Amino acid sequence: MTAQIAKSSIPGPMQALWNIVRFLLKSPTSAFGLIVIAVLVIVALLAPWIATHDPYAQDLQNVLQAPGGAHLFGTDELGRDIFSRIVWGTRITLTIIFLVSIVVGPIGLAVGTTSGYIGGKFDTVMMRITDIFLSFPSLILSLAFVAALGPSLNNAIIAIALTSWPPIARLARAETLTFRSADYVAAARLQGASTGRIIFKSIVPMCLPSVLIRITLNMATVILTAAGLGFLGLGAQPPMPEWGAMIAMGRRYMIDSWWLVTFPGIAILCVSLAFNLLGDGLRDALDPKQMNRK
Amino acid sequence: MKSVDIRNLSITLGHGAKAVKILPDVSFSVAKGECFGLVGESGSGKSTILRCMSLLLTQWDGKITIGGKDVRQMPLIERCRTLQMVFQDPYGSLHPRQSVRTVLHEPLRIHGMDNRQERMERAITEVGLPVDFLDRYPHQLSGGQRQRVAIARALILEPSVLLLDEPTSALDVSVQAEILNLLSDLRAKRGFTYIMVSHDLAVVDYMCDRFAVMQAGEIVEILDREALDGNKATKPYARQLIEASLEYDSAV
């Protein structure tokens with residue numbers, strides 16, 4: 001019992017975070033995910049120092065150089081260094097993921113928890129709206145949004161955010177339905193807590209772990225959708241070093257110069273795989289039963 | 001101290017020909033400072049009555065008054081400070097991610113009460129827990145300690161009526177006695193009016209002055225505690241229930 005008291009005197013959130021990281025590092029797959037994402041973040045932060053060349057500098061003397069020598073991953077059709085472009089591309093990828101998650105999480109949570117807790121007609125209306133969004137393939141819906149808003153990276157982010165909140169809202173609602181009749185919610189009502197207070201203080205904290213897991217798993221899809229939009233020319237516009245756009249540009253030279261599409265492709269694969277594995281690991285780490293075992 | 005009066009409480013679900021009465025017609029009154037028990041088999045509507053009184057259920061007809069005031073007319077804040085409830089399962093009635101401090105602090109914040117630290121410390125000592133338990137989370141507490149926290153949460157708003165929904169049935173026997181002693185001490189000290197649901201007649205015998213035997217949503221008979229000795233119930237169902245309980249106790 002004394003050990004427990006000593007443990008709880010360390011700042012709670014930091015301790016919990018450290019516990020989760022330690023848990024993730026224990027299993028090889030989630031450790032891989034965590035490490036790849038850590039590398040991604042470091043590369044994005046240190047891009048100016050890691051990149052060997054200016055990602056926008058064209059060198060028409062040196063087009064379509066094979067990997068090796070002065071250019072680690074070779075050069076593209078305008079003589080730009082592919083390695084440097086991929087390094088700078090991490091910033092774009094991270095920006096997309098960050099902005100989409102920060103928009104999608106709160107929207108999904110708000111819609112899901114309110115409709116789950118309030119129920120009745122409000123629930124029906126909100127869930128039918130969610131159904132409408134869910135019934136489109138997300139890439140097609142993003143395409144429609146981008147077509148309406150005009151092709152640019154920011155519009156791609158808005159479009160992806162608009163298409164990826166419904167699964168989170170669904171999840172939050174399902175979780176809320178299991179908690180809304182719990183005794184601690186009844187107790188909060190008896191204390192005179194308003195609906196907003198109950199949702200914010202009692203229900204959201206209970207939904208948060210599964211929503212976080214869902215968002216992490218969603219990040220892989222976000223990367224792929226962003227790359228897809230980039231590939232179709234509706235996301236990041238040239239000359240931005242966005243990975244999907246790089247593949248799109250390299251497609252024409254693919255037969256002779258495999259490195260144009262291979263390296264950005266591997267980057268997309270690694271990062272989306274890493275987010276998937278991390279999401280799986282988080283699901284285990286945030287499982288209350290696992291937490292109790294520690 | 002406030003008295004409680006329930007007149008013609010009924011719940012009907014559905015409309016017209018399909019209407020079903022799940023609580024036909026319940027009336028009883030509880031005097032100031034009394035402990036009143038509700039006993040009966042499961043599904044007989046004991047907990048439902050408590051949920052109607054606390055307006056967790058609102059689809060009922062009839063009239064419930066506390067201290068002469070209709071609960072439906074009472075403003076929310078006043079109602080919360082008149083009546084509080086302790087739930088059956090201490091594992092489900094405390095929010096798993098809120099510390100004891102948060103659990104006790106929330107009602108004070110909602111009601112804008114002052115001297116919060118003092119009030120929290122008093123509530124936690126009143127239920128027999130040390131003050132440093134304020135920083136614990138429910139998973140760091142035993143079942144009995146959790147139920148004490150739940151009682152502290154109910155007490156912190158200084159209500160005059162406490163609804164107890166089988167407060168000990170989820171606890172093991174030695175802890176049951178502790179919680180029952182705590183509840184009767186609190187009543188002696190603070191003069192609460194208790195309405196207690198139980199299916200354990202030994203608990204009722206220990207705690208309650210009077211009790212009502214319920215069957216299928218109806219009150220079969222209202223008896224004094226003394227009626228338990230030698231089974232002085234007059235209605236067959238009440239006799240049967242008490243008899244069964246006495247036999248069970250002697251068998252154990």
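Two strands are taken to pair if DSSP finds at least two bridges between them. Helices (H or I, at least four residues) and strands (E, at least two) are DSSP runs, numbered from the N terminus. On these terms B:Cys35 stands opposite B:Tyr194 in β8(B). The model is predicted: local features need pLDDT of at least 70 and side-chain atom pairs count only at pLDDT 80 or more, whereas totals for chains, interfaces and linings use all residues. Residues are numbered from 1 along each chain as its sequence is written, with chains lettered from A and ligands numbered from 1 in the order in which they are written.

Chain B contains eight helices and 10 strands. Its C-alpha trace spans about 50 × 45 × 30 Å along the principal axes. The radius of gyration of chain B, 19 Å, agrees with the value near 18 Å that a compact globule of 252 residues would have; this radius is taken over C-alpha atoms, and the globule rule is 2.2 Å times the number of residues to the power 0.38. Of the 252 residues in chain B, 40% are buried. A residue is buried if 20 or more other C-beta atoms lie within 10 Å of its own, exposed if 12 or fewer, and partly exposed in between, with C-beta atoms placed from the backbone. Contacts (C-beta atoms, placed from the backbone, within 7 Å) between residues at least 6 apart in sequence were also examined in chain B, and 67% of them join residues at least 24 apart.

Strand pairing in chain B is of both kinds. Strands of a sheet pair through backbone hydrogen bonds, either parallel or antiparallel. An open sheet of four strands has the order β2-β1-β4-β5 in chain B, with antiparallel pairing. Strands β2 (20-30) and β5 (69-70) of chain B stand at its edges with a single partner strand each, so one side of each lacks a neighbour in the sheet. Strand β1 (residues 4-13) of chain B is joined to β2(B) by seven bridges, and B:Ile11 has B:Leu23 in β2(B) as its bridge partner.

Four bridges connect β6(B) with β7(B) in parallel, where B:Leu83 stands opposite B:Val161. Strand β7(B) is in turn joined in parallel by five bridges to β8 (residues 193-197) of chain B, with B:Leu162 opposite B:Tyr194. Between β7(B) and β8(B) the chain passes through helix α6 (residues 173-190) of chain B in a right-handed β-α-β crossover; right-handed denotes that, with the strands pointing away from the viewer, the path from the first strand over the helix to the second runs clockwise. Strand β3 (residues 35-40) of chain B also runs parallel to β8(B), through four bridges.

Strand β7 (residues 161-165) of chain B is mostly covered, with five of its five residues buried. On one side of β7(B) these are B:Val161, B:Leu163 and B:Asp165, and on the other B:Leu162 and B:Leu164. Strand β8(B) likewise has five of five residues buried, so the rest of the structure largely encloses it. One face of β8(B) carries B:Thr193, B:Ile195 and B:Val197, and the other B:Tyr194 and B:Met196.

The largest nonpolar core has 142 residues, of which A:Ala156, A:Ile223, B:Ala152, B:Leu163 and B:Ile195 touch the most other members. Helix α10 (residues 195-231) of chain A gives the most to this core, with 15 residues. Such a core is a set of buried Ala, Val, Leu, Ile, Met, Phe, Trp, Tyr and Cys residues joined through C-beta atoms within 7 Å. Not counting residues up to four places away in sequence, B:Ile195 touches B:Val4, B:Val30, B:Phe36, B:Leu38, B:Leu50, B:Leu163 and B:Leu164.

In the loop between β8 and α7 (201-207) of chain B lies B:His199. This residue, B:His199, is partly exposed, with 17 other C-beta atoms within 10 Å. Apart from neighbours within four places in sequence, B:His199 is in contact with B:Val39, B:Glu41 and B:Ser42.

At the interface, 23 residues of chain B are in contact with 17 residues of chain A. Elements giving two or more residues to the chain B side are α2 (76-82), β6 (83-86) and α3 (100-110) of chain B.

Notes. Two residues are in contact if their C-beta atoms, placed from the backbone, lie within 7 Å.
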